[in-house]
Amino acid sequence: MQLTNTPALFALRAIERHGMDVADSLRRLSSGLRMSSARDDAAGLAISERMGSQLRGMQQANRNINDGISLLQTGEGALGTITDIFQRVRELAVQAASDTNNAQDRMAIQLEASALLLEAKRMVEDTNYNGISLLDGSFSSHLQIGANAGDLLQLGIPSIFHVDADGYNPTSIDLTSHADATKALTFLDEQILHIDMVRARMGAMQNRLGYASSNNATMAENLAASRSAILDTDFAAETARLTRSQILQQAAMAMLAQANSQPRLILNLLRSI
């Protein structure tokens with residue numbers, strides 16, 4: 001007679017196996033993660049972690065882009081005011097160019113123009129973003145706009161003050177005579193055109209950064225969806241798996257009870273002999 005209750009041992013192993021399946025399903029459903037350790041899916045975990053690094057890099061790159069847009073907006077806002085100053089100085093130059101003004105009139109015009117130009121100079125020197133000077137010609141840097149090394153955008157703003165071939169610059173403007181006022185008019189047209197070109201360049205750069213941000217957001221969305229498919233729990237499938245494991249576990253427990261009852265039947269039979 002066989003003394004080892006093989007059916008009971010088989011049922012016991014089945015209970016243990018299905019119990020582990022139930023525990024795994026409960027862990028996945030409670031955490032929302034299909035993988036909580038490398039043993040669940042070593043390759044999948046490595047892929048999802050790499051995707052996670054890319055995703056976080058893209059999110060930070062978008063914050064960098066927004067900072068870059070804010071920087072350019074700061075500089076452009078100051079340029080708008082500086083343009084207004086030069087427009088007013090040009091208006092004064094037109095006034096000073098007329099010989100209906102006497103020397104005292106032109107001196108008064110020069111005083112206002114000088115004050116305005118000093119303010120323009122101060123704004124050029126003092127306009128900054130996070131302590132970084134923007135308009136004095138010293139700003140030139142790289143903006144990290146992607147998740148990987150080399151995803152860089154060169155940012156630079158030339159000096160706002162235009163200097164002509166003769167070295168004439170805003171600090172040289174003199175409106176105390178007809179000839180000087182006429183010369184100033186020509187220079188001021190060049191100065192205003194120079195600022196307009198810089199502003200156009202800054203506007204184009206803001207548009208480029210906006211498209212870069214939109215592209216990053218699209219890539220991050222798709223990458224997040226791909227990572228979720230690898231890493232996250234499929235609740236419908238996992239719930240069905242849990243139900244199946246629980247049924248099998250309960251069936252194995254019932255079979256264990258049946259297997260354990262067989263030796264008692266044999267003992268009862270022996271007692272009846």
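Helices (H or I, at least four residues) and strands (E, at least two) are DSSP runs, numbered from the N terminus. You have a predicted model open, so local features need pLDDT of at least 70, side-chain atom pairs count only at pLDDT 80 or more, and totals for chains, interfaces and linings use all residues. Residues are numbered from 1 along each chain as its sequence is written, and side-chain values use heavy atoms, without hydrogens and water.

**Stop one: the cavity.** Select Leu72, Leu155, Gly156, Ile157, Pro158, Val198, Arg201, Met202 and Met205, which line the largest cavity. Strand S4 (152-156) and helix H4 (178-231) are the elements that each give two or more residues to this lining. H4 gives the most, with four residues. The volume of the largest cavity is about 50 Å³. Here a cavity is a set of points on a 1 Å grid over the protein atoms alone where a 1.4 Å probe fits but cannot get out, and lining residues have an atom within 4 Å of a point.

**Stop two: the aromatic pairs.** The structure holds two of them; rings of Phe, Tyr and Trp (its six-membered ring) pair if their centres lie within 6.5 Å, and planes over 60 degrees apart count as edge-to-face. Show Phe86 and Phe161 next: their ring centres are 6.2 Å apart and their planes at 85 degrees, so this pair is edge-to-face. Phe86 sits in helix H2 (residues 42-96) and Phe161 in the loop between S4 and H4, so the pair ties together parts 75 residues apart in sequence.

Finish with Tyr168 and Phe187, an edge-to-face pair at 4.9 Å centre to centre and 80 degrees between the planes.

Terms used: 1 Å grid on protein atoms, 1.4 Å probe; cavity = no way out; pocket = protein on both sides within 12 Å on 5 of 7 lines; lining within 4 Å. Points joined across faces, edges and corners; volume = space filled by probe spheres on them. Phe/Tyr/Trp six-rings, centres within 6.5 Å; stacked < 30°, edge-to-face > 60°.
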